[in-house]
Amino acid sequence: MKQTHTKLRYIKWLYTAVLLLSMQAALQAQLLPSAGGTEADKATTENPVYPPDSLNRRDPRGTVNGFIQAVADQNYIRASRYLNLKRNWRSNRQRTKIVTKFQKLLDQGGDMIPSSLISDKNEGRADDELPAGQDLVGTVTANGKEIKLYVENRGGDTEENPPLWQFSAETVAAISATGTDESSLLDIVLSDNLKERTLGGVPLGHWLAMVVLIVLSYIASWLLVALMGLIMRGIWKKARNPEKWLIIQALGLPLRLYISVLLFVEASQQVGISIIIRQRFSTITVTIGIAAILILLWRLTDIVSDFTKNRMTIRKRISAISVILFIRRMAKIAIIVIGIIALLGAIGFDVTTWIAALGIGGLALALGAQKTMENFVGSVSLIADQTIRVGDFCRVGDIKGTVESIGMRSTRLRTPQRTVVTIPNGQFASTNVENYAHRDRYLFNPTLELRMETTPDQLRYLLVEIRSMLYAHPNVNNDPAKVRFVGMSASGHKIEIFAYLEAISFDASQEVQEDVLLRILDIVAKSGSDFAYPSQTLYMAQDKGIDQEKTDKAKETVKKWREANELKLPFFRQEHIDKLDGTINYPPEGSVGEQNDETKTDG
């Protein structure tokens with residue numbers, strides 16, 4: 001925990017240091033290009049080559065940057081050439097007056113679009129609702145009235161009549177008709193010395209105010225996020241859990257960065273900091289805002305993956321962990337790629353070609369790795385649907401085996417012959433899979449074929465006794481437990497049994513089935529009949545035939561059932577089923593299992 005706090009403290013100081021160093025870079029390298037770059041640098045298939053303009057007014061970004069730079073140089077005559085002035089505004093005094101008024105309005109309540117987000121295309125933005133050849137680049141507020149700042153193309157799109165972007169006549173007229181008597185907060189607070197001494201064309205007091213706002217914005221965001229955390233812990237009881245509180249704390253840094261940027265941008269506009277500084281810092285603030293969002297996405301990826309991995313570990317779904325880790329890596333790679341493109345776009349690079357190349361590369365990669373992606377998607381569907389798990393015995397097509405591992409590309413089965421079969425997950429996910437491990441019951445469906453000499457009363461005896469045994473057995477589900485005389489064959493009479501055995505595994509079901517079959521043999525032997533064989537019987541003197549004594553006993557038992565109206569055919573009454581339920585001892589008396597049960601009971 002101590003290391004975490006130390007790390008966060010370093011990040012706080014680093015944030016402040018980045019802004020301060022960026023301020024120095026703005027002074028030395030003039031972050032804002034003099035007029036948006038050279039014409040040769042912007043010559044692309046989308047931006048045809050036009051004759052150079054001395055003020056670089058071939059696109060909206062060049063016009064805005066050129067105007068801000070000319071104001072910073074206090075070259076108001078040059079700055080006026082970025083405005084579409086009427087004929088009566090052509091004198092130097094009038095030009096200076098309109099430019100200074102424009103600057104003061106921008107300083108006091110102006111909001112200019114960040115430089116990197118202004119179009120650098122000769123034709124301007126084509127994705128807005130404005131007429132062609134017109135772009136919105138900001139707003140100013142004066143006397144409670146908002147004035148939209150438009151730039152318009154006063155040229156054409158040919159080499160003889162190239163593009164020429166200027167602030168529109170409508171914008172210039174609205175600015176000239178607005179009063180500027182109000183003073184900003186900085187004009188009131190700063191001393192004359194701090195207002196008269198300039199640095200980079202901006203009063204020194206404005207630079208100091210920027211440093212103060214950076215610190216105050218971060219402190220305010222830190223307090224705001226801390227207050228939100230306290231309120232959350234008070235309202236949401238689950239937030240008091242240490243693990244969930246760590247998750248909330250992990251989101252604190254990106255939230256603080258993003259909120260501090262918003263506060264900084266709003267406060268710098270409200271106090272009246274020069275538009276020159278704000279426009280130069282616009283790229284930095286946008287970059288920090290994007291970085292905060294990327295950090296948030298990065299941490300959310302870690303939180304979600306760790307939470308899911310822990311849940312899978314608790315559920316012992318080890319095969320899902322590798323998929324989760326793989327998806328987390330892919331998500332982080334996507335965040336890095338998207339972040340780099342977004343940051344480069346914020347700085348001012350044209351990333352359209354990069355995005356197109358990335359899309360083509362992604363399509364080529366998808367086509368080349370089609371099978372690999374198919375297998376990966378198959379592995380995700382196997383784990384998500386839980387069709388199989390490690391240790392399950394299943395059949396895939398004609399292959400039976402026990403699942404040994406579920407990988408990112410394939411699944412391995414160990415067959416009963418002890419060989420290993422590797423099946424691609426894409427094929428596995430698209431094939432019918434029969435999973436024997438998920439059976440809750442085991443079918444018991446033998447057909448008994450009795451000798452032809454078996455009498456009807458013997459059959460009645462067998463039907464009643466076998467059904468009674470099934471109802472009484474604790475490991476046989478009595479719904480249904482069918483024992484039916486279904487017909488005769490050339491060898492004898494056929495009795496079909498349909499029931500389900502309840503057991504925790506296949507081996508346990510085999511044990512129950514064995515016990516039930518042995519009890520059936522005892523009942524058949526007790527009835528005096530026997531099983532038929534697919535062969536002819538040749539009666540010799542040594543053949544004892546059917547046991548007459550047992551036959552008479554079975555006949556007498558059925559006779560008693562009839563006389564007492566207790567012949568349980570064609571069905572048993574429910575109260576008799578309930579009476580028989582679980583009355584058989586299983587494992588049977590004298591078996592090892594019975595001894596173990598007695599030992600456990602005595603112990």
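## Exercises on helix packing and aromatic pairs

Of the 603 residues of the protein, 40% count as buried (under 20% relative accessible area, with exposed over 50% and partly exposed in between, for a 1.4 Å probe and protein chains only). The model is predicted, so local features need pLDDT of at least 70 and side-chain atom pairs count only at pLDDT 80 or more, while totals for chains, interfaces and linings use all residues. Residues are numbered from 1 along each chain as its sequence is written, and side-chain values use heavy atoms, without hydrogens and water.

**Exercise 1.** Determine how the axes of helices H10 and H11 are oriented.

*Solution.*
Step 1. Helices are DSSP runs of H or I with at least four residues, and strands are runs of E with at least two, numbered from the N terminus. H10 covers residues 252–270 and H11 residues 275–314.
Step 2. Their axes come within 8 Å and cross at roughly 160°; axes are lines fitted to C-alpha atoms over the stretch in contact, with angles from 0 to 180 degrees between N-to-C directions.
Step 3. H10 is therefore roughly antiparallel to H11 (angles over 145 degrees; under 35 is roughly parallel, 65 to 115 roughly perpendicular and the rest oblique).

**Exercise 2.** Classify the residues in the contact of H10 with H11.

*Solution.*
Step 1. Contact means heavy atoms within 4.5 Å. On H10 the contributors include Leu 253, Tyr 258 and Phe 264, and on H11 they include Arg 278, Ile 288 and Arg 299.
Step 2. The contact residues divide into 12 nonpolar, 4 polar and 2 charged. Ala, Val, Leu, Ile, Met, Phe, Trp, Tyr, Cys and Pro count as nonpolar, Asp, Glu, Lys and Arg as charged, and the others, Gly among them, as polar.

**Exercise 3.** Assign the geometry of the pairs Phe 393 with Tyr 436 and Tyr 471 with Phe 572.

*Solution.*
Step 1. Rings of Phe, Tyr and Trp (its six-membered ring) pair if their centres lie within 6.5 Å; planes under 30 degrees apart are stacked, over 60 edge-to-face and the rest tilted. The count comes to 8 aromatic pairs.
Step 2. The ring centres of Phe 393 and Tyr 436 are 5.5 Å apart with planes at 40°, so this pair is tilted. Phe 393 lies in strand S7, and Tyr 436 in the loop between strands S11 and S12, 43 residues apart.
Step 3. Phe 393 is partly exposed, at 31% relative accessible area, whereas Tyr 436 is buried, at 15%.
Step 4. For Tyr 471 and Phe 572, centres 5.3 Å apart and planes at 70° make the pair edge-to-face. Both residues, Tyr 471 and Phe 572, are buried.
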